[in-house]
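Hi everyone, thanks for coming along. Please have a look at the sequence and the model on the screen, and then I will walk you through some parts of it.

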Amino acid sequence: MKEKLQALVEQSMLSIRDAQTTQTLDALETQVLGRKGELTGLLRMMGGLSADEKPVMGQLLNEAKASIQDALNLRKEALMMQEKSAKLESEQIDITLPSRIQRIGHKHPVSFTQETVKDALIGLGFEFMDAPELEDYKYNFAALNYPENHPAMDEQMSFYVTDRHLLRTQTTALQGRTLTLKKPPFRYAITGRCFRNETVDATHHHSFHQIDVYMVDKGVSMADLKGTLAAFARRMFGSDVQVRFRPDFFPFVEPGVDYSISWKGGWLELGGAGLIHPNILRAHGLDPNEWSGFAFGLGIERIPMIQRGVDDLRLFLENDLRFLNQFGA
Ligand code: FA5
């Protein structure tokens, strides 16, 4: 039994020395000192020894158990230190590395233009209103002096949702709404999406954005309209810009004009304008001899097209990031 114990101690000490992980040590501890372990087995065999042998063997076994336990504890402590520093090493963070750059988005050029346009017009005393994209025929056409079934409406081929409701073809629909609900004097403006059942090409889309501006007061003249549009053009395109007005027809203005700005040695049309038609004032209970007003409406996409030299309006509506990212700065 003594030889067996000596061999067990020697073998255990070697295994403890060679163990490379705390897990191996735990397994070793169970194998030697555990309830069914090899040394525990030897302790159980003590019953068969004589009364003289028992205390001697008992002491040897206890000493062996204590020295194996000490060796296990020592090795375990050393391995735990090693494992901890290996873990720290592997989780090390290099604080000198450059940080990952957070890509911050930016406004869509159409939204940005809408905001610039708003700023310019709020500065000129106009109040911005909202109106629904799904509009009543009454406000989109009837309140704007379009006679029933008049061919002028065909110019703005529409998406009807019911017999009475359509996706608005022009933000001018705000005029019908506010004239019905508010009393002048007022200066209102709106910017938003419009929809027309058009063939899509480089300058036309079925969905696009407009801005409409109008005022009603006493003594409003073409001079006020021209002054406002000239100030607006300077704000949007710089102080050198020139504006041009040519006669044009829209059912809701009289006289009506188209509005162009000087561009690349020629002229570029931005939209339409004019004095509010007396029929519209009369239809809303206003005497045209007492009240007058002007109105203008422009395509929003045209503005960044001019400012940034973009020749295809579809690019603003396709949301391809390769295009949009160029408007970040
Ligand atoms: C109008 O929509 C009138 N409501 C403008 C107006 C308002 C005149 C107030 C007088 C008084 P027009 O259909 O021309 O007019 O459109 C005005 C501008 O919207 C155009 O010059 C163009 O810049 C833009 N636009 C019109 N249709 C489209 C389209 N399909 N795609 C992109 N932009 C468009």
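Let me begin with how the elements get their names: helices (H or I, at least four residues) and strands (E, at least two) are DSSP runs, numbered from the N terminus. As for the background, this is a predicted model, where local features need pLDDT of at least 70 and side-chain atom pairs count only at pLDDT 80 or more, while totals for chains, interfaces and linings use all residues. Residues are numbered from 1 along each chain as its sequence is written, and side-chain values use heavy atoms, with hydrogens and water left out.

Now to the ligand. A residue is near a molecule if one of its heavy atoms lies within 4 Å of it. Which residues come nearest to the ligand? There are 25 residues around the ligand, and Q170, T172, R196, E198 and H205 come nearest. By class, this shell has 9 nonpolar, 11 polar and 5 charged residues. In that scheme, Ala, Val, Leu, Ile, Met, Phe, Trp, Tyr, Cys and Pro count as nonpolar, Asp, Glu, Lys and Arg as charged, and the others, Gly among them, as polar.

Next come the polar contacts, meaning pairs of N or O atoms within 3.5 Å. Q170 has a polar side-chain atom 2.7 Å from a nitrogen atom of the ligand. E198 also places a polar side-chain atom by a ligand nitrogen, at 2.9 Å. For Q210, an N or O atom in the side chain is 3.0 Å from an oxygen atom of the ligand. Taken alone, the ligand exposes 680 Å², and the protein buries 91% of that; these accessible areas come from the Shrake-Rupley method with a 1.4 Å probe.

Where does the ligand sit? The answer is the largest pocket. To sit there, a molecule must have more than half of its atoms within 2 Å of the grid points. On a 1 Å grid over the protein atoms alone, a pocket is an open set with protein on both sides within 12 Å along at least five of seven lines, a cavity is a set of points where a 1.4 Å probe fits but cannot get out, and lining residues have an atom within 4 Å of a point.

The largest pocket has a volume of about 800 Å³, where a volume is the space filled by probe spheres set on the points, which are joined across faces, edges and corners. Of its 36 lining residues, R196, Q210, F250, E269 and G271 are the closest to its centre. The elements giving two or more residues to this lining are β5, β8 and β9. As for the shell around the ligand, β8 gives the most, with 5 residues.

What about cavities? The count is 1 cavity of 30 Å³ or more. Its lining includes T171, T172, L174 and Y188, and α7, β4 and β5 each supply at least two lining residues. The lining divides into 6 nonpolar, 3 polar and 1 charged.

Finally, some backbone details. The peptide bond from P184 to P185 is cis, with omega near 10 degrees, and P185 is in the loop between α7 and β4. Another cis bond runs from E254 to P255, with omega near 0 degrees, and P255 is in strand β7. N145 has a phi near 70 degrees, a positive value in a residue other than glycine.

Conventions:
A polar contact is a pair of N or O atoms within 3.5 Å; within protein, one must be able to donate a hydrogen and the other to accept it, and residues adjacent in sequence count only if both atoms are side-chain atoms.
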